[in-house]
Amino acid sequence: MVDTLTLVLAAVLGFMLAGLGAKSRGLLPDWIRLSGPIVTLHTDRGKAFLDWLARPKRFWRAWGNLGVGVALVVMAGSFVLVLLGGLQAIANPQPTQLTQPRNVLAIPGVNDFLPLSAAPEIVAALLVGLVVHEGGHGLLSRVEDIEVDSMGLALFTFIPVGAFVEPDDEQRRQSSRGAQTRMFAAGVTNNFAVAIVAFALLFGPVAGSIAVVSGAPIAGALPGGAAAQGGVDRGDVITSVDGTPVANASEFEALLDETDRRTVSIALESGETATVDRSLTVVGAAPTAPFDINTTITEVNGTAVYTEPGLNAALRDREVATLASSTGETVTTPIGAYTNVSAPSDPGPSPLADVSGLGGEAFIITAIDGERVLDSDTLGAILDETSAGQSVSVVGYHEGERRSFDVELADHPREDTGFIGVTIQPGTTGMSVDDFGVEGYPAEFFLTAIGGGSGDGLNGIQRAAFTISLPFAAVTLPSIDQPFPGFVGIYENFYVVGDGPLAFLGTGPLLLFGTLLFWVAWINVILGQFNCVPAFPLDGGHILRTSTQAVVSRLPLSDKHAATRAVTVTIGLAMLASLLATIFAPQLLG
């Protein structure tokens with residue numbers, strides 16, 4: 001199957017060929033200019049509106065001065081973040097989903113964090129961000145009596161990627177440094193102002209008017225898994241199990257954990273019902289785990305098992321068991337918590353490695369102080385009750401050999417417990433299993449994050465910072481497997497109108513408004529912060545130049561122009577190198 005990126009590249013090539021053909025035949029009007037896949041739309045309209053809007057010049061100069069202060073602070077932060085990001089990418093070049101080059105492209109469906117389902121809202125938000133940004137430049141140009149030659153939008157084929165205002169170069173150069181700085185800072189000032197308004201609406205009346213639907217939201221069904229075979233699909237909401245209602249995902253999971261019945265009947269929010277024959281599928285596996293991902297476990301020591309409760313009951317009293325799969329493969333393996341023992345050279349202490357000599361190797365822990373360790377959850381719960389300096393007896397298996405050690409626990413580097421010096425792999429013997437085959441969607445968590453529900457004690461700035469991270473939640477938050485694209489696509493099924501002030505809008509319009517506000521806030525923050533990077537041709541580069549000129553002009557230097565150029569070029573090259581390193585170093589060096 002052809003992936004999205006290939007389709008996009010083919011479409012771009014076709015667009016370029018069609019555009020070149022139209023351009024060579026003189027079919028393009030004067031206001032459309034084409035350069036490869038980049039299209040710019042030029043207009044003189046709007047100048048009169050800018051002149052009218054610029055009349056309260058004292059107010060706009062005060063607004064511009066405020067923006068200069070904000071821009072300088074964000075510039076300093078951006079400089080540090082970009083520089084540290086580049087250094088980190090070189091020092092520890094680990095490829096991650098965040099550093100994939102495709103994710104530099106702000107194209108929904110190509111960028112992993114800009115979902116295709118939210119493409120209309122993202123494009124609309126991008127248009128808002130670009131218009132208010134460039135509109136700010138145009139407005140402050142007129143406030144400072146700088147003529148505007150033309151305005152317009154820049155598109156990558158049909159996708160808005162920029163807007164522009166073309167001030168008269170000669171008049172701009174002749175204006176004061178303060179006027180130029182205010183003009184360059186106006187764009188990011190407007191972006192941050194729009195983001196603040198969008199956040200205020202989202203965190204207040206919008207999120208307060210949305211509620212999570214009653215039931216267990218399903219983000220996906222394991223292909224070929226029990227639920228998929230029973231007819232459960234992504235976007236469904238499970239409302240009851242064997243006639244017992246479930247209000248949320250936690251109640252649904254608790255009901256499944258309480259029964260080892262193979263066949264369960266479920267009801268969906270849509271009114272449909274389904275019968276699911278549960279089966280144990282491996283959904284996560286360590287490198288040397290007994291079975292690989294997507295293997296179905298069918299027996300323990302010759303006894304059929306179908307559910308997680310049944311598997312746990314069969315393994316609880318056995319340190320070693322023989323497991324069979326649906327393909328007929330059998331494996332005799334220790335049963336416990338699969339761990340990787342920290343090497344003595346790793347930062348911090350490694351008590352287990354010190355007494356065992358197993359640093360850097362796998363070790364399956366089956367008991368601590370005589371208490372049975374069945375899986376990662378059991379081991380974690382036992383260790384949570386320990387303290388530094390406590391001596392414990394550890395029993396486990398290394399390469400099939402049963403071994404025991406007396407270990408004196410060290411101080412935990414992050415928690416107020418004892419530290420044994422291992423990395424714990426989820427599940428039993430390195431295998432995470434699922435007997436139902438669905439992936440839940442944290443609808444309540446996301447709604448709380450943006451200010452809905454009962455709240456989580458965050459103030460406005462903390463909530464805004466956290467909200468900006470939500471599109472990356474699946475790779476930045478350890479307990480979350482899904483990103484937040486807004487209230488669109490199948491995710492509309494997981495929310496309903498609540499009792500808030502905007503409930504009168506109805507579910508569809510309210511969720512659309514909430515999604516648009518989310519992406520408007522997100523994109524305006526990203527645009528504002530990115531444009532504050534102190535490198536040309538970004539606004540931050542221009543502000544760096546005028547600010548450096550203001551400082552250098554007060555110094556006893558013979559060639560002030562050369563000094564200014566040296567500072568701006570050095571910082572600009574450092575920013576460019578850091579950005580390139582952040583994007584490409586993990587792929588080239590990792």
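Select helix 4 (residues 119–143) together with helix 15 (residues 507–531): their axes come within 8 Å and cross at roughly 45 degrees. Helices here are DSSP runs of H or I with at least four residues, strands are runs of E with at least two, and both are numbered from the N terminus. Axes are lines fitted to C-alpha atoms, for helices over the stretch in contact, and angles run from 0 to 180 degrees between N-to-C directions. Helix 4 is therefore oblique to helix 15; under 35 degrees would count as roughly parallel, over 145 as roughly antiparallel, and 65 to 115 as roughly perpendicular, with the rest oblique.

Next, display the side chains between these two helices. Residues of helix 4 in the contact include Ile122, Leu126 and His133, and those of helix 15 include Leu516, Trp519 and Ile523. Contact means heavy atoms within 4.5 Å. By class, the contact has 13 nonpolar, 5 polar and 1 charged residues. Ala, Val, Leu, Ile, Met, Phe, Trp, Tyr, Cys and Pro count as nonpolar, Asp, Glu, Lys and Arg as charged, and the others, Gly among them, as polar.

The model is predicted: local features need pLDDT of at least 70, side-chain atom pairs count only at pLDDT 80 or more, and totals for chains, interfaces and linings use all residues. Residues are numbered from 1 along each chain as its sequence is written, and side-chain values use heavy atoms, with hydrogens and water left out.

Now select helix 11 (residues 376–384). Which of its residues are buried? They are Ser376, Leu379, Ile382 and Leu383; buried means under 20% relative accessible area, exposed over 50%, and partly exposed in between (1.4 Å probe, protein chains only). Look down the axis of helix 11: the buried residues fall within an arc of 130 degrees, so they line one face of the helix. The arc is that of the directions from the helix axis to the C-beta atoms. Among the elements covering these residues are strand 16 (337–341) and strand 17 (362–368).

Move to Asp260, in the loop between helix 8 (249–258) and strand 9 (263–268). Asp260 is exposed, with a relative accessible area of 52%. Beyond its neighbours within four places in sequence, Asp260 is in contact with Arg278, Thr307, Pro309 and Gly310.

Finally, select the whole chain. Its secondary structure comprises 17 helices and 26 strands, and 46% of the 590 residues are buried.
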